[in-house]
Amino acid sequence: IIVGLMLYIKIFLFVYALLFLVFLFINKRYALNLLWAGIFIVPYRVYTMRFLPGCSLIEFQSLIIFLFLSSKSIKGIISVIYPIRHSLFFYLCTCVLLLLFSTAVPCIMQIRYYKNEFFEFLLLIVTWYCLRSDRDTVLSLLKVLVVCLLLNAFYGFYSVIVGVNIFATPLNILLGVDIDNAVDMINQSRGFLSFRLQSLFEHPLTLAQCYLLLLPAILWNKRYFSKRSYIAIVITITISIFLTGSRSALFPLVLMFLYFFISYLRKKRKYVFPFFCIVICSMFLLNSIQTEDREYKDVVQSIKASVFFWDESLQKKQKIEGSSVSMRINQLDAMVDIISQTNIFVGYGRGFREVFAARSTKIDGKLLGFESVFLLKPVEQGILGLFSYFILIFSLWKLFMRKRKTREYITVLYSIFILSIIMTGIRPYSFIMLGLSSGLICFSENNINRKGECKEKYLKI
């Protein structure tokens, strides 16, 4: 049975790749849409499994679409990344140095990680070029992403209702993934929730971070949606993030909505005083309500525990396990301890946590829980790796800050990204989602006339 199911997966990957090639011959915009759609409609384990020797399906697609570009398009791509050439060169040199001097992890394994980063960046620069050079690409890609994101969310809701996520544990068993390290959160409680939304991703944190990073692009491009569709999309994304139980996404989400709301009030000053009056009255009203409804109290306390993640007393009352202040302090102590045993500038090497996952020592046990980028990066890549990574992120922020109209949304996007990776680390797809959202915000200006009106009709979803 397992052999037969694996054969079906291989056939699916072959058909998906063949469809991609057909679309590429028709129009590269269609192929690009199919590539990005796969993130939301193809299970993570399948989309990133080996399709060809040393290459997954998404990497194969990224390489092929790049090779199909004309020489004129290659010059266009160079012009896109030319402003950040120094940062890219510094990051490349850093990776080479880390590969040479970080000897605790096998060189082949480290190369595999850097290869994944290369293909991610290759996909991003091709996407940025297509978004900048073809105004129809912005609209078509935005439409495809929204539809696939909604399908992904609705599948997540369905799996919660039926209590089975066939793309979690069953798929991991089929693919031979170590179940002890695999994740199936469909029946894991978090506060008053008796489940965590996971959908097709390998972890609820990955789903939450992807949704969170794509949301600013949707908020900025609201002019392309009908009012009802726009509201429904934003509500669906917000509910999905909440149901993942990911505080590292929920907290930045609350801050982002709060910022935009205050920004709106600054433009409508006559509403400021009534708003604060309503807020103060509501707080007094909620505190004065005396009820024995246990479910109501659980919901309120769970929301507080999710937003005020630093209050450990709330975490204990709601029996929320996972990241906490004391846990982070313990991990910080472990990081200082373990990095003091090697070269602090280069670390142990990419994949150190995975290589030594089977160890049972005290330090390694704490190391497995490292999520924050400030905890894991220094251990694996040292101070040099951490510094070069943030130099790259800063250069990307400066690259997309060149357009005055989009500066506010770009700054919000990179702020919630930094806050999220500080809290829960760099998840799969997070970097390419950051780059995609940046492109959809910055290059969508090509579709706006001088009056700020959309040149195209609303997206009909």
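Residues are numbered from 1 along each chain as its sequence is written, and because hydrogens and water are left out, side-chain values use heavy atoms. As the model is predicted, local features need pLDDT of at least 70 and side-chain atom pairs count only at pLDDT 80 or more, whereas totals for chains, interfaces and linings use all residues.

The protein chain contains 21 helices and two strands; these elements are DSSP runs numbered from the N terminus, with helices being H or I over at least four residues and strands being E over at least two. Of its 461 residues, 50% count as buried, where buried means under 20% relative accessible area, exposed means over 50%, and partly exposed lies in between, with a 1.4 Å probe and protein chains only. The accessible surface amounts to about 23300 Å², and carbon and sulfur atoms supply 66% of that area; the areas come from the Shrake-Rupley method with a 1.4 Å probe, and for residues only the protein chains shown count as cover. Among contacts in the protein chain with a separation of 6 or more, 74% join residues 24 or more positions apart, a contact being heavy atoms within 4.5 Å.

Helix α10 covers residues 204-220. Its 17 residues should span 24 Å at 1.5 Å a residue, and this agrees with the 25 Å between its end C-alpha atoms; the expected span is 1.5 Å times one less than the number of residues. Burial in α10 extends to 17 of its 17 residues.

Two packed helices are described by the angle between their axes and the distance between the axes. The axes of α10 and helix α21 (residues 430-442) come within 9 Å and cross at roughly 0°, which makes α10 roughly parallel to α21. On the α10 side the contact is made by Gln-209, Cys-210, Leu-213, Leu-214, Pro-216, Ala-217 and Trp-220, and on the α21 side by Ser-430, Met-433, Leu-434, Leu-436, Ser-437, Leu-440 and Ile-441. Here axes are lines fitted to C-alpha atoms, for helices over the stretch in contact, and angles run from 0 to 180 degrees between N-to-C directions. Angles under 35 degrees count as roughly parallel, over 145 as roughly antiparallel, 65 to 115 as roughly perpendicular and the rest as oblique.

In the loop between α20 (407-424) and α21 lies Tyr-429, which has a positive phi of about 75° although it is not a glycine. Tyr-429 is buried, at a relative accessible area of 5%.

A positive phi is also found at Ser-199, near 55°, again in a residue other than glycine. Ser-199 belongs to the loop between α9 (169-174) and α10, and its relative accessible area of 1% makes it buried.

Phe-400 is part of helix α19 (residues 373-400) and counts as buried at 2% relative accessibility. Leaving aside residues up to four places away in sequence, Phe-400 touches Trp-128, Thr-406, Ile-410, Tyr-414, Ser-438, Gly-439, Cys-442 and Phe-443. Phe-400 and Phe-443 are 43 residues apart along the chain, with their C-alpha atoms separated by 9.1 Å.

Asn-165, in the loop between α8 (135-162) and α9, counts as buried at 2% relative accessibility. Asn-165 and Leu-197 are 32 residues apart in sequence and 9.8 Å apart from C-alpha to C-alpha. Pro-106, in the loop between α6 (85-101) and α7 (107-133), counts as partly exposed at 47% relative accessibility. Between Pro-106 and Gly-349 the sequence separation is 243 residues, and the C-alpha to C-alpha distance is 8.3 Å.
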